[in-house]
Amino acid sequence: MIDPVSALDGEFDVLVRDGDIAAVERAGTRMNSPDTSVVDVSEYWIVPGLIDPHVHLRDPGFPEKETIQTGLRASAAGGFTTVAAMANTLPVNDSPATTRYMVERAKEVHSARLVPVSAVTQGLRGSALVDFAAMIEAGARLFSDDGIPIDDAMVLSQALDETKRLGYAVALHEEDCALSRNGALNAGAVSKQLGVSGYPDSAESQRVRRDLAIAIGSGAAVHVCHVSAAESLELIRAARRHGAQVTCEVTPHHFTLDESAAMIWGTNAKMNPPLRSHSDVEHLIAAIRDGTIDMIASDHAPHDPDSKRMPQLGAYFGPGHPVAQLDHESAEEFAHAANGVVGLETSLGLALQLVHRSIIEPTRLIEMMSVNPAALLRMEAGTLAVGAIADITVIDPNLEWSVAPEKFLSKSRNTPFAGMWLKGKAVLTMVAGEIIYDGRKA
Ligand SMILES: [Zn+2]
């Protein structure tokens, strides 16, 4: 059992009663009483339930990509007991009615917990603010216009005043669209070779610089979504020295792959922000190691094959035949393909590679995937201390498996990790003492 909050890391029995952690004792001491049902996971890690602070479940609005039902089942299979679902649905989650729909729908599914993320502005249009207090009342625990940056500095400033007063954080999608210009891939050698438009890292760091200055001024809590560029990390470090309350997340695709993945995987390696240079990846890894990066988020972004322009471009890409260049028409198709990759069922496996490569200790992994996301979402979770809710993930750290998109519980298959061999996987997921996923049978 690994529980960073209780500073426990060793062999323990965990007793669950009425949905809570009732006792934690030295392994084998006294828990095998006849009225107790025993789940023997003695070869594995027992950790506080994993929490993904950034997913897109596409519900309401896009059932061809994902629903709350399929998204939460994919979450459970990935080892997540809670996921925070972004607001860029249809309708946008800017009203208590939509928030309540998400909460109710999730309850019916009886799987992982769903935490609704409220939009910051009505319709994600960047001007009129939502009713923050009403959204919290309905169940929202984080605010974000993710997918779209908040361009108007005064709007952001007013949003931060409100969320500070209420005690919640704003999660920021950092993009200066005057610089990114709908660029399809990182501006660099690969975008040039493929002949598609470039999205420079300055489009991210420029906006991080502005927003952290505003955050320092307001004293509000901000969270930088999906950091991709080395320069952004430097700005986050500097802002903390100036007293900013800033946390940040990185996605498994940004710390695992660089821009060259687009040569093989095509639009399945196209996301916003884009995969960056090899040097950026090294800086992200260093920032995971030194603690600059607080948490791992999948930014699970399911898309159907048409949205990814697979009928037009699928034949150009795939392992074994990197393309040299796209003709003009295909480059246009590439630029119009939807951004994003699925991640719920690969996130833990990819994050565990950081442990196997001795970049971080298991304890730090659990901080990044449970303790710190719980704090961001203002949840009493992320620990297996006695009295805590029994949200538990059991991990086999040594199970070797290869990523098979056709087996995903998610409705979508858009991943650049197909066929990759990973070591480590969730084998059992429990929410409030109920087993919601048991991979030992799979
Ligand atoms: Zn985003």
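Predicted model: local features only at pLDDT ≥ 70, side-chain atom pairs only at ≥ 80, totals over all residues.
Residues are numbered from 1 along each chain as its sequence is written, and side-chain values use heavy atoms, with hydrogens and water left out.

The zinc ion is coordinated by D146 through OD, H173 through ND1 and H226 through NE2, at 2.0 to 2.3 Å. Donors are N, O and S atoms within 2.8 Å of the metal (3.2 Å for Na, K and Ca); water is not among the atoms, so sites may look incomplete. The donor residues follow the sequence spacing D-x26-H-x52-H. D146 is located in the loop between β9 (142-144) and α4 (153-166), and H173 in the loop between β10 (170-172) and α5 (177-180), so the pair ties together parts that are 27 residues apart in sequence. Helices (H or I, at least four residues) and strands (E, at least two) are DSSP runs numbered from the N terminus. D146 has a relative accessible area of 3% and is buried; H173, at 5%, is also buried. Buried denotes under 20% relative accessible area, exposed over 50%, and partly exposed the range in between (1.4 Å probe, protein chains only).

Most residues other than glycine have a negative phi, and most peptide bonds are trans. The peptide bond from L90 to P91 is cis, with omega near 0 degrees, and P91 sits in the loop between β7 (80-85) and α2 (96-109). Positive phi is found at H110, at about 55 degrees, and at A432, near 50 degrees. H110 belongs to the loop between α2 and β8 (113-118) and is exposed, at 67% relative accessible area. A432 occupies the loop between β17 (421-431) and β18 (434-438) and is partly exposed, at 32%.

Four strands form an open sheet in the order β5-β16-β17-β18, with antiparallel pairing. Its edge strands, β5 (45-48) and β18, each pair on one side only. Neighbouring strands are turned by 35 degrees against each other on average, direction ignored; axes are lines fitted to C-alpha atoms, for helices over the stretch in contact, with angles from 0 to 180 degrees between N-to-C directions. Two strands pair if DSSP finds at least two bridges between them. β5 and β16 (residues 392-402) are joined in the antiparallel sense over four bridges, and I46 has V394 of β16 as its bridge partner.
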